[in-house]
Amino acid sequence: MEKTMSEREIYIKRYETARAEMREIVKLAQGNPTIYQPWRMKEVLDHITGWDDAVIASIKSFLAGEIPATPASRGIDAYNADTVSSREAIPYEVTQGEWEASRAELLDLMQKMTDEQLHTPFVLPWGDHGTIEDLVEIFTEHEETHAKEIREIIVKGK
C-alpha cells in the first residue's frame, strides 16, 4: 500500500522543488550578471535569503509560543532594500552558502511541525495575520517567479 504524503511533506517538497529550479538558474547566471537593475545575481540570492531568514524567525517564534517580530513592517520594498544592503560586503560564495543554509534551516523547522500547525494563524513578517501554509505558498511562488524571470533575462541576454 502506497503511503500518501502529509500536507507538511507536500509543502516541504514544494520548497525543495522551487530551490532546485533556482539552483539551475544560479548555474546559468555564471559571472554574477545584472538581473534586475541594479541587482546582480548575488543581490537576488541575498534578497531570497533575507526572506527565508524572516520566515525562519517567524516560525521559531510561533513554535515557541511567542508573538513573531515583524521585520518587514515598514513595507516589503524597505525590507528588500535593508536585507540586500546589509549583505553588501559579503562575497558571492558566502552569499551562496548562506542562501543554502537558510533554506536547510527552514526545511528542518518544517520537519518538526505538525499539519495542524500549518493552519494555525499567527503574525507574518510584515505584520498581517496568516498561516505557515500562507508563507510557504507566498515564498515558493516568490522563488519560482524569480527563477522564471531570471531564466528569461539570461536567455535573452545570450
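Leaving aside neighbours within four places in sequence, Ala-69 is in contact (heavy atoms within 4.5 Å) with Ser-58, Leu-124 and Pro-125. This is a predicted model, in which local features need pLDDT of at least 70 and side-chain atom pairs count only at pLDDT 80 or more, while totals for chains, interfaces and linings use all residues. Residues are numbered from 1 along each chain as its sequence is written, and side-chain values use heavy atoms, with hydrogens and water left out.

**Ala-69 and its loop**
- Ala-69 sits in the loop between α2 and α3 (76–85); helices here are DSSP runs (H or I, at least four residues) numbered from the N terminus.
- Ala-69 and Ala-54 are 15 residues apart along the chain, and their C-alpha atoms are separated by 8.7 Å.

**How α1 meets α2**
- The two helices pack at an angle of about 160 degrees with their axes 12 Å apart; the axes are lines fitted to C-alpha atoms over the stretch in contact, and angles run from 0 to 180 degrees between N-to-C directions.
- α1 and α2 are therefore roughly antiparallel to each other, a label for angles over 145 degrees.
- On the α1 side, the contact is made by Tyr-15, Arg-19, Met-22, Ile-25 and Val-26, and α2 brings Met-41, Val-44, Leu-45, Ile-48, Asp-52 and Val-55.

**Arg-19, a buried charge**
- Arg-19 belongs to helix α1 and is buried, with a relative accessible area of 1%.
- Not counting residues up to four places away in sequence, Arg-19 touches Ile-48, Asp-52, Trp-99, Glu-100, Arg-103 and Glu-143.

- Met-110, leaving aside its neighbours within four places in sequence, is in contact with Arg-8, Tyr-11, Ile-12, Tyr-15, Leu-118 and Val-136.

Terms used:
Angles under 35 degrees count as roughly parallel, over 145 as roughly antiparallel, 65 to 115 as roughly perpendicular and the rest as oblique. Buried means under 20% relative accessible area, exposed over 50%, partly exposed in between (1.4 Å probe, protein chains only).
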